[in-house]
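Thanks for making time this morning. Please bring the picture up on your screens, and I will talk you through the core and the charged pairs.

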Protein chains: 2
Amino acid sequence: MSGWVAIAGLGPGDEALWTGEVSAALAEATDVLGYATYTARIPARPGLRVHASDNREELARARHALALAAGGKRAVIVSSGDPGVFAMAAAVFEVVAENPDWLALDIRVLPGITAMLAAAARAGAPLGHDFCAINLSDNLKPWDLIERRLRLAAQADFAMALYNPRSAARPAGLGRALDVLREECEPERLIVFAAAVTAPQEKITTVTLAAASPDMADMRTVILVGNKSTRQVGKFVYTPRRAG
Amino acid sequence: MSGWVAIAGLGPGDEALWTGEVSAALAEATDVLGYATYTARIPARPGLRVHASDNREELARARHALALAAGGKRAVIVSSGDPGVFAMAAAVFEVVAENPDWLALDIRVLPGITAMLAAAARAGAPLGHDFCAINLSDNLKPWDLIERRLRLAAQADFAMALYNPRSAARPAGLGRALDVLREECEPERLIVFAAAVTAPQEKITTVTLAAASPDMADMRTVILVGNKSTRQVGKFVYTPRRAG
C-alpha cells in the first residue's frame, strides 16, 4: 500500500463545516499531524496515531508528514480554516522545494472553510464585493509591509479580512493598523469583530471605525472591514454587489 | 412549523466539497432555488421542489425565497462556491434592506469552498500569503475601478484571484487586465489558469505573465496570480509564508 500526504482544512471549529473530502481522508489516515489545538478536534480511533506539536513547528511537522508518507503511511496534516490561507500548505511546499525527491510522493491539499468566509457568513455578506486578506502578524514579514498593504487596500476600496489581529506577543500592531485605516477611510466605515466563530463562545460585534478599539480582538478573532458601500440591515452587514 | 431561508455554498462542483452543514440544510429543505446549473447538482427527492432560474435573476430569486420562508417553507438558495463571494448572499440582504419586514425571518448563510480556494488547493498554495479577490466582470461596476484595483493590488504585492475573467459578452476585459499586470509586475510572474476545478474537464495550467493570453481562460476559469515571491516546485505553485 502506498503512502500519501493530505493537508486538510478543518474550517473554523465546528465539524459541521468539514467537507466530505476531509472526513474521507481522516477516515483513511494512519497518522494525523498538527498543532495540538487542531489535532484535539479529531476523534480517536484504533489504528490512528496522533502527532500533536507546537504552533511554531510548521516546517518540522511538514518534514515529519512527508517522511511518514515515504514510509507508506497515510498522513493528514490538519490546519484550521483552509490549509492554503495562512496555514500549513505553503510550509509543506517550502519543505518539498528543499528536497525535491519528495515530489515523487502523492501530496494533496484539501480545501476548507477559511476563517473570513465563516465569519462573513455569520455577519451577513460583508465580503460580497472585491476584497483582500491580510495577516497582521509580523512574525514572517516586516510591519512596514503590513501598513503599506492596508493603505493600498483602503485606497483600492477593497473590503478586508484581517487575520491574526492580536496576540500576547504582538499587543501593539492592531492599534497601528486601525490608525492606518482611520487615515484612509471615513469614520463611519463598518468593522466586524468575529470571535470564536462556530464555537459556543462565538461573538460577532459590528462597530464603526471610529468606535473600533484593539481590545475588541483576541487570538481567536478575525476582523472584517467593509468597503465604503458596506451597510447594515438589522443584525446583518453586507456589501452590495454594485459599485461605482 | 416555521420557515427559514439558507443561502448555501456548493463549492466548485464535486459534492465531496460540500460541508456537512450544507448537506443537512438540503436534507431539511422543502424548496431549492438557484441558477439552473447549480440546482441541477441537487439530487431529486419526494417533497423537494426545485425552482431553477436564469443567472441574471438574483434579486427575483432572493425575493422568491424570502416569500417562501414567510409562508412557512424551508428554502435553500444554492450558489456555487461560497455564497458570500460574488454570489447570492449580498443579493438577499439587498432585498431585505428594501423590505426590512423580512428581518423577522430566520436567514442564515452557509459558507462553502469558494473557487479560489479550490483552485489554489489543486495548484499547491499560491495564496499562501496576503492576497485579494477581484471580480473581472464589469456588469456591476465600471471597468476603470477594476483596472485601479488590479494596479493597487500589484503595487501592494498581493497574490490575486481573478473571478469571472472572461465571457462571451466580455471578450476584451481579460486582455486589458493582463496589460495592467504587465505594467506593474515582472514578466516571470507566475499565473495559474484553473478551469472546471473538480469536474472531469479540470485543467490547471501554470504560465508566466509574459506567456499568459486571454484565450487561456473561459467562463469556468478562475485565475490565480502569484506575488513576486511565488515559485514552482514540480507541478506545484506556492507562495512562501515569509515576505519582505
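Predicted model: local features only at pLDDT ≥ 70, side-chain atom pairs only at ≥ 80, totals over all residues.

Is B:Asp31 buried or exposed? B:Asp31 has 0% relative accessibility and counts as buried, where buried means under 20% relative accessible area, exposed over 50% and partly exposed in between, with a 1.4 Å probe and protein chains only.

Residues are numbered from 1 along each chain as its sequence is written, chains are lettered from A and ligands numbered from 1 in the order in which they are written, and side-chain values use heavy atoms, leaving out hydrogens and water.

B:Asp31 forms a salt bridge with B:Arg49, their closest N and O atoms being 3.0 Å apart; the term means a side-chain nitrogen of Lys or Arg within 4 Å of a carboxyl oxygen of Asp or Glu. B:Arg49, by contrast, is partly exposed, at 42%.

Another pair is B:Arg149 with A:Asp157, at 3.8 Å between the closest N and O atoms. B:Arg149 is buried, at 0%, and A:Asp157 is buried as well, at 11%. Both belong to a salt-bridge network that also includes A:Glu186 and A:Arg189.

Turning to the nonpolar core, meaning buried Ala, Val, Leu, Ile, Met, Phe, Trp, Tyr and Cys residues joined through side-chain atoms within 4.5 Å, the largest has 54 residues, and A:Leu150, A:Met160, B:Leu150 and B:Met160 touch the most other members.
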